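Colleague: I have a model open and want to learn how to read it. Can we go feature by feature?

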Amino acid sequence: MSDTCLFCKIIRKEIPADIVFESVNVIAFNDITPQAPTHVLIVPKFHYVNAAEVAADAQATLAEMTTIADAIRSEEHTSELQSH
């Protein structure tokens, strides 16, 4: 982990976040300045410089991130349907 990376600080719980999912490899939390009704950031718990590095070095983590994104989207869509 990086000492200066904002996401690493959230992972270490040095900065509070509204966490919606957490596993050994991945953390997902609501953006503090959302640009959409559902704006969740999903990041690996190990520090990577960019998404290409995750894809090259941690395919299982990238797959988990994608699965979590789909689950969050499905859950949000279900909540919207139930509220109408």
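Predicted model: local features only at pLDDT ≥ 70, side-chain atom pairs only at ≥ 80, totals over all residues.

Colleague: What makes two strands a pair?

Modeller: DSSP must find at least two bridges between them. Strands are DSSP runs of E, at least two residues; helices are runs of H or I, at least four; both are numbered from the N terminus. Here β2 and β3 pair in the antiparallel sense over 5 bridges. β1 (residues 19-22) and β2 are also antiparallel, over 3 bridges. Those two strands form a hairpin with 3 residues between them. E22 has I27 in β2 as its bridge partner.

Colleague: Is strand β2 mostly covered or mostly open?

Modeller: Mostly covered: 4 of its 5 residues, 26-30, are buried. Buried means under 20% relative accessible area, exposed over 50%, partly exposed in between (1.4 Å probe, protein chains only).

Colleague: How many salt bridges does a search of the whole structure find?

Modeller: It finds 4. The test is a side-chain nitrogen of Lys or Arg within 4 Å of a carboxyl oxygen of Asp or Glu. K13 and E22 meet at 2.9 Å, N to O. E22 also bridges to K45, with the closest N and O atoms 2.8 Å apart. E22 lies in strand β1 and K45 in the loop between β3 and α2, so the pair ties together parts 23 residues apart in sequence. K45 counts as buried at 17% relative accessibility; E22, at 36%, is partly exposed.

Colleague: How much space lies in the largest pocket?

Modeller: Rolling a probe the size of a water molecule over the atoms shows where empty space is left. A pocket is an open set of points on a 1 Å grid over the protein atoms alone, where a 1.4 Å probe fits, with protein on both sides within 12 Å along at least five of seven lines; lining residues have an atom within 4 Å of a point. The largest pocket holds about 230 Å³, as the space filled by probe spheres set on the points. Of its 17 lining residues, F7, V43, P44, Y48 and V54 are closest to the centre.

How values were computed:
Residues numbered from 1 in each chain as written. Heavy atoms only, no water.
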